Amino acid sequence: MGSTVLSLRMDGELLDRLKTHAAKRGMSVQDYVVRTLIRDDFDERFAASVEETEKFYGAA
């Protein structure tokens with residue numbers, strides 16, 4: 001899988017907060033943002049699959 005560049009414009013306060021969160025986890029800001037996006041994407045896909053399963057089997 002290849003990679004693509006995504007450029008973001010944000011204010012200094014948000015960047016400082018991201019740096020703080022990333023540093024607590026020993027990560028770069030870029031890695032922190034990417035992992036956050038991946039986690040959110042997984043959460044959305046998981047919730048959608050649970051909804052589909054409940055529709056198929058009926059809610060308990």
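Q: Where contact means heavy atoms within 4.5 Å, which residues does Met-27 touch, not counting residues up to four places away in sequence?
A: This is a predicted model, in which local features need pLDDT of at least 70 and side-chain atom pairs count only at pLDDT 80 or more, while totals for chains, interfaces and linings use all residues. Residues are numbered from 1 along each chain as its sequence is written, and side-chain values use heavy atoms, with hydrogens and water left out. Met-27 lies in the loop between helix H1 (12–24) and helix H2 (29–57), helices being DSSP runs of H or I with at least four residues, numbered from the N terminus. Leaving out residues up to four places away in sequence, Met-27 touches Ala-22, Tyr-32 and Arg-35.

Q: Is Met-27 buried, partly exposed or exposed?
A: With a 1.4 Å probe and protein chains only, buried means under 20% relative accessible area, exposed means over 50%, and partly exposed lies in between. Because the relative accessible area of Met-27 is 21%, Met-27 is partly exposed.

Q: How far apart are the end C-alpha atoms of H1?
A: The expected span of a helix is 1.5 Å times one less than its number of residues, so the 13 residues of H1 should span 18 Å. The model agrees with this, since the end C-alpha atoms of H1 are separated by 18 Å.

Q: Which residue's backbone oxygen does the side chain of Thr-36 reach at 2.8 Å?
A: Thr-36 has its place in helix H2, and its C-alpha atom is separated by 19 Å from that of Gly-2, 34 residues apart along the chain. At 2.8 Å, the side chain of Thr-36 reaches the backbone oxygen of Tyr-32.

Conventions: Helix = DSSP H or I, 4+ residues; strand = E, 2+ residues; numbered from the N terminus. Contact = heavy atoms within 4.5 Å. Polar contact = N/O pair within 3.5 Å; in protein donor to acceptor, adjacent residues only side chain to side chain.
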